Amino acid sequence: MSKRVAIQGIKGSYHHGVAQAYFGNEIDVHECMSFQELVHSLENKKSTDAVMAIENSIAGSIIPNYAYIDEHDLTICGEYFQPIHHCLMALGNQEISDIKEVYSHPMALLQCKDFFRKHSHIKLVEDADTADVAKRIQEQKLRGIAAVAGETAAKIYDLEILAKNIQTIKTNSTRFFILNTDESSGLDSKEINKASLKFLTDHKRGSLATVLNVMSDCRLNLTKIQSLPVIDMPWKYSFFVDVTFDKYEEYQKAISILKIMALELKILGEYKNQNG
């Protein structure tokens with residue numbers, strides 16, 4: 001079966017760019033207007049793989065996506081760090097002073113808040129997808145309306161860029177997970193040097209520290225930790241962590257110990273560290 005990759009958004013979105021960078025330009029994409037739809041695309045075999053944003057260097061984690069991955073037993077088979085360069089775009093022959101409203105994904109608007117403070121006449125409106133707004137502006141010939149999206153969207157939907165790199169922090173980057181419904185990444189253990197795990201601990205003093213000490217003793221480097229409340233267990237939390245390691249054998253040793261020590265341990269994915 002050839003690759004069909006589910007993306008959140010449409011062609012020209014950042015998800016689309018990551019899908020092409022990871023799988024190649026000739027892939028078939030399934031456009032999904034929500035992360036929930038993206039998950040269902042994988043589960044219902046409408047796609048073989050998916051690209052899902054998981055955290056941004058400015059705005060932080062997209063917490064509901066951790067729950068989607070866990071609850072639907074998706075496998076993280078890779079990651080991709082995408083530099084984000086937001087542009088303000090609109091139909092031609094307009095200045096920023098002509099723009100009354102800007103539509104974009106809430107994450108994109110949040111990442112550009114300093115730019116829009118300088119243009120207080122503009123009303124900001126949250127929308128489902130960056131590129132979809134650009135497409136709508138072109139199709140409906142909307143004047144006085146602009147989108148915040150990547151430069152590729154401006155090219156695809158023939159819009160004029162009014163301002164480039166309007167994100168507050170110029171080194172803005174988003175981390176994406178590559179997902180499928182297989183039980184492994186398909187990589188040889190020699191290639192694997194990063195893993196995403198979920199675990200629960202006893203609700204008593206030192207229980208989390210004990211787990212983290214096991215990771216340290218087995219020479220695992222903790223690069224990310226995120227807690228989420230356990231829905232049916234008030235005031236109990238599950239922890240989602242990313243670890244990197246030099247030797248797969250040391251990682252396996254840690255896993256064998258954690259299976260005994262943690263109340264619950266789940267491997268969400270084993271893959272290659274893109275930053276390694």
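Buried here means under 20% relative accessible area. By that cut-off, helix 6 of this predicted model, spanning residues 130-140, has T130, A131, V133, A134, I137 and Q138 as its buried residues. They all sit on the same side of helix 6, because the arc they cover around the axis is only 160°.

Helix 2 (residues 35-43) gets a similar look. Its buried residues are F35, L38, V39, S41 and L42. With an arc of only 155° around the axis, these residues end up on the same side of helix 2. They pack against strand 1 (4-8), strand 2 (28-32), strand 3 (49-56) and strand 11 (173-180), along with helix 1 (14-23) and helix 3 (63-71). Following helix 2 comes K45, with a positive phi near 65°.

Next up is a helix pair. The axes of helix 8 (residues 207-217) and helix 9 (residues 248-261) come within 9 Å and cross at roughly 165°, so helix 8 is roughly antiparallel to helix 9. The crossing of helix 8 past helix 9 is right-handed. On the helix 8 side, T210, V211, V214 and M215 do the touching, and they meet A254, I257, L258 and M261 in helix 9. Sorted by class, this contact has seven nonpolar residues, one polar and no charged ones.

Conventions
Residues numbered from 1 in each chain as written. Predicted model: local features only at pLDDT ≥ 70, side-chain atom pairs only at ≥ 80, totals over all residues. Heavy atoms only, no water. Buried < 20%, exposed > 50% of the residue type's maximum accessible area, 1.4 Å probe, protein only. Helix = DSSP H or I, 4+ residues; strand = E, 2+ residues; numbered from the N terminus. Arc of directions from axis to C-beta. Contact = heavy atoms within 4.5 Å. Axes fitted to C-alpha atoms, helices over the stretch in contact; angles between N-to-C directions. Parallel < 35°, antiparallel > 145°, perpendicular 65-115°, else oblique. Left-handed = near helix turned anticlockwise from the far one by under 90°. Nonpolar A, V, L, I, M, F, W, Y, C, P; charged D, E, K, R; others polar.
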